[in-house]
Amino acid sequence: MNRAVSSLLTRHAARLGSLCTSSSSSPASEAWDGRFRLHKPRGQHLLTNPRILDAIVRHAALRPGDAVLEVGPGTGNLTARLLASPVHHVTAVEIDTRMVEAVTARAAALDLAQKLTVIQDDAVEADFPEFDVCVANIPYGISSPLIAKLLFGAYRFRTATLLLQKEFAQRLVAVPGDSEYNRLAANVRMVADVKLLMDVSKRDFVPMPRVDSSLVEIRPRAAMPDVDLAEWLAFTRECFGQKNKTLGAIFKQKRKVLDLFKRSQRAERCTGDATGSGIILGVLDDGDHEACSDEDDSSDRVAGFSEEEVGAFKERIASALDSSELAGKRPTKMSNDELLRLLRLFNERGIRFQ
Ligand code: SAH
């Protein structure tokens with residue numbers, strides 16, 4: 001580290017010292033001293049209630065030797081506790097240089113700098129190092145792409161204990177039949193178990209956000225389902241795009257049939273290529289896509305294919321739906337096993353979603 005940076009950090013450490021080295025049970029250690037402006041669009045709401053911070057670390061059930069990943073450490077209110085626990089190491093990914101400085105200084109003031117690596121980057125873009133657990137009060141704006149990255153990226157970890165916007169958390173833990181059940185929940189449940197741990201009031205943050213929060217545990221399943229995940233994600237996008245329709249109604253629409261026909265033709269041409277298009281981050285959520293209409297539109301004609309071929313394709317869709325006996329059901333009321341059964345019936349008939 002060059003001398004200028006190091007002296008800056010030491011000065012910061014001295015200034016933060018009175019705040020940070022005081023017992024972590026003292027609320028003052030989490031107080032915000034206003035040394036720079038917090039940006040709401042970046043989700044900069046610091047969690048300042050020490051009881052809640054302690055509870056998060058307790059719920060994370062950290063083990064000695066764990067490598068911890070934290071996203072958006074801010075000034076280090078949670079980081080300080082993670083560092084003080086018996087874990088082996090903490091890596092914190094933070095986008096704002098001012099926060100990077102603040103959390104680095106805080107670790108130094110606690111004499112725990114050797115346990116902390118701070119990566120200054122956008123957590124959605126950055127490559128994470130290997131980690132055992134992720135513990136974080138994340139910026140809520142990146143909840144969906146971050147969870148997609150954790151669960152559908154190449155990471156292997158025990159649990160992610162995340163503080164999320166309460167409404168988002170409720171959608172995440174919803175089960176089929178709940179009014180909030182949605183694509184996000186179906187996709188996450190495909191690869192992980194999800195549990196609501198506790199609610200956290202907006203009053204526990206500085207500055208106070210408009211929304212309350214909930215702590216959630218996401219635990220990746222030990223055995224991954226036997227399914228092409230990119231195909232599954234593309235399939236749930238179709239099902240939940242118009243979630244109040246029955247599957248029969250969704251897959252009867254002319255535009256949808258033509259769209260799937262084109263995709264299936266493309267997939268057939270590309271068989272043998274490496275594993276499809278891969279997982280696109282941020283694809284877990286409903287991403288309200290345009291409603292398909294039944295209107296006849298000659299521009300939808302598929303170049304190079306006859307009406308008969310498209311007609312036969314439509315028959316294949318109908319046959320998959322018939323043999324599933326699920327045509328009358330709505331996706332929001334279906335279990336993943338049922339959805340997966342239908343996807344297999346489609347795929348067996350050469351109907352592809354990617
Ligand atoms: N965890 C801290 C701070 C939460 S505020 C606490 O509980 O007090 C959210 C933090 O995430 C801020 O420090 C903000 O700068 C950071 N952040 C926002 N967007 C980010 C991104 N895309 N990648 C990494 N960090 C981000």
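## Ligand shell

A residue is near a molecule if one of its heavy atoms lies within 4 Å of it. In this predicted model, local features need pLDDT of at least 70 and side-chain atom pairs count only at pLDDT 80 or more, while totals for chains, interfaces and linings use all residues. Residues are numbered from 1 along each chain as its sequence is written, and side-chain values use heavy atoms, with hydrogens and water left out.

Around the ligand there are 21 residues, of which Gln 44, Gly 72, Glu 94, Ala 123 and Asn 137 come nearest. The shell holds 8 nonpolar, 7 polar and 6 charged residues. Here Ala, Val, Leu, Ile, Met, Phe, Trp, Tyr, Cys and Pro count as nonpolar, Asp, Glu, Lys and Arg as charged, and the others, Gly among them, as polar.

## Polar contacts and burial

Leu 47 has a polar backbone atom 3.0 Å from an oxygen atom of the ligand, and a backbone N or O atom of Gly 74 is 3.4 Å from a ligand oxygen atom. At Ile 95, a backbone N or O atom lies 3.3 Å from a nitrogen atom of the ligand.

The ligand taken alone exposes 560 Å², and the protein buries 97% of that (Shrake-Rupley method, 1.4 Å probe). Strand S1 (46-47) and strand S3 (89-94) are the elements that give two or more residues to the shell around the ligand. Strands are DSSP runs of E with at least two residues, and helices are runs of H or I with at least four, numbered from the N terminus.

## Loop residues

Pro 139 is in the loop between strand S5 (133-137) and helix H5 (143-152). Leaving aside residues up to four places away in sequence, Pro 139 touches Arg 42, Gly 43 and Val 71, where contact means heavy atoms within 4.5 Å. Its C-alpha is 8.2 Å from that of Leu 164, 25 residues apart in sequence.

## Backbone exceptions

Most residues other than glycine have a negative phi, and most peptide bonds are trans. Ala 61, in the loop between helix H2 (50-59) and strand S2 (67-71), has a positive phi of about 45°. The peptide bond from Val 206 to Pro 207 is cis, with omega near -15°.

Notes: Polar contact = N/O pair within 3.5 Å; in protein donor to acceptor, adjacent residues only side chain to side chain.
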